[in-house]
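Welcome! Take a moment to look over the model below, and then let us walk through it together.

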Amino acid sequence: MPKKLICNFDEMLRLAEKQNSKPPRKPPSEEEHHTQCQCVQWFRYQFPQFALNLFAIPNGGKRSKTTGGKLKAEGALAGVLDLMLLVPIKDCNGLIIETKTEKGKLTEKQKEWAAHISQFGYICVLVRSLDDFIENATGYLTGDFSKLNRI
């Protein structure tokens, strides 16, 4: 006589997920992605002389454990912000930018990383739209740091 099933397949999968998984990571926002793309496109059009000085740090996103392990071994760090602008202005070495949606919040790791890296002559800012980015980028490049939305 066949054994009686304790649970069906779907219940088994749900139990396995609870036992073997960390809390699910929030998927990257498409809105955040589009804003960041707009910012980079605007900047490279507006300041072609600095087009190669602004670049993304691909630190987020959904990855397999294998890929995540490889990136970590290569030096990827939790909390590193989205974009770097390596143009020294006044006493600053560069501008580091985090892109978030209107409701998006910085993680504790991002706050810690921004506080740490700011000690070395970098300014870290938070932008929530293309207009925010324009104000922060032009404020930085003109040396008017009062316009910057510092982290």
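Which exposed residues does the face of helix 2 turned away from its buried side carry? They are E30, Q41 and Y45. Keep in mind as you look that this is a predicted model.

Helix 2 covers residues 30-46, which makes 17 residues. From its first C-alpha to its last it reaches 24 Å, close to the 24 Å expected at 1.5 Å a residue. Its buried residues are T35, Q36, C39, V40, W42 and F43. If you look down the axis of helix 2, these buried residues fall within an arc of 165°, so they line one face of the helix. What covers the buried residues of helix 2? The cover includes strand 1 (54-56), strand 2 (83-85), strand 3 (94-99) and helix 5 (130-141).

Four of them form an open sheet in the order 1-2-3-4, with mixed pairing. Strand 1 and strand 4 are the edge strands, as each pairs on one side only. On average, neighbouring strands of this sheet are turned by 20° against each other, direction ignored.

| Strands | Sense | Bridges | Residues facing each other |
|---|---|---|---|
| Strand 1 and strand 2 | antiparallel | three | L54 and L85 |
| Strand 3 and strand 4 | parallel | six | I96 and C124 |

Strand 4 (residues 122-127) may be an edge strand, yet five of its six residues are buried, so strand 4 is largely enclosed by the rest of the structure.

**Helices around the sheet**

How do you get from strand 3 to strand 4? Strand 3, helix 4 (residues 108-118) and strand 4 make a right-handed β-α-β unit. Helix 4 lies across strand 3 and strand 4, running at about 150° to strand 4. Helix 5 packs on the sheet too, where it touches strand 1, strand 2, strand 3 and strand 4. The direction of helix 5 makes about 160° with that of strand 4.

**Helix 3, out in the open**

Is helix 3 largely enclosed or largely in the open? Of its 10 residues, the number buried is zero, so helix 3 lies largely in the open. L71 is partly exposed, with a relative accessible area of 24%; the cut-off for buried is under 20%. Leaving aside residues up to four places away in sequence, L71 touches R63 and A76. Just after helix 3 comes G75, which takes a positive phi of about 115°.

**A residue in a loop**

Finally, find K90, in the loop between strand 2 and strand 3. K90 has a positive phi of about 50° although it is not a glycine. Is K90 buried or exposed? K90 is exposed, with a relative accessible area of 64%.

How values were computed. Residues are numbered from 1 along each chain as its sequence is written. This is a predicted model: local features need pLDDT of at least 70, side-chain atom pairs count only at pLDDT 80 or more; totals for chains, interfaces and linings use all residues. Side-chain values use heavy atoms; hydrogens and water are left out. Helices (H or I, at least four residues) and strands (E, at least two) are DSSP runs, numbered from the N terminus. The expected span of a helix is 1.5 Å times one less than its number of residues. Buried means under 20% relative accessible area, exposed over 50%, partly exposed in between (1.4 Å probe, protein chains only). The arc is that of the directions from the helix axis to the C-beta atoms. Contact means heavy atoms within 4.5 Å. Two strands pair if DSSP finds at least two bridges between them. A crossover is right-handed if, with the strands pointing away from the viewer, the path from the first strand over the helix to the second runs clockwise. Axes are lines fitted to C-alpha atoms, for helices over the stretch in contact, and angles run from 0 to 180 degrees between N-to-C directions.
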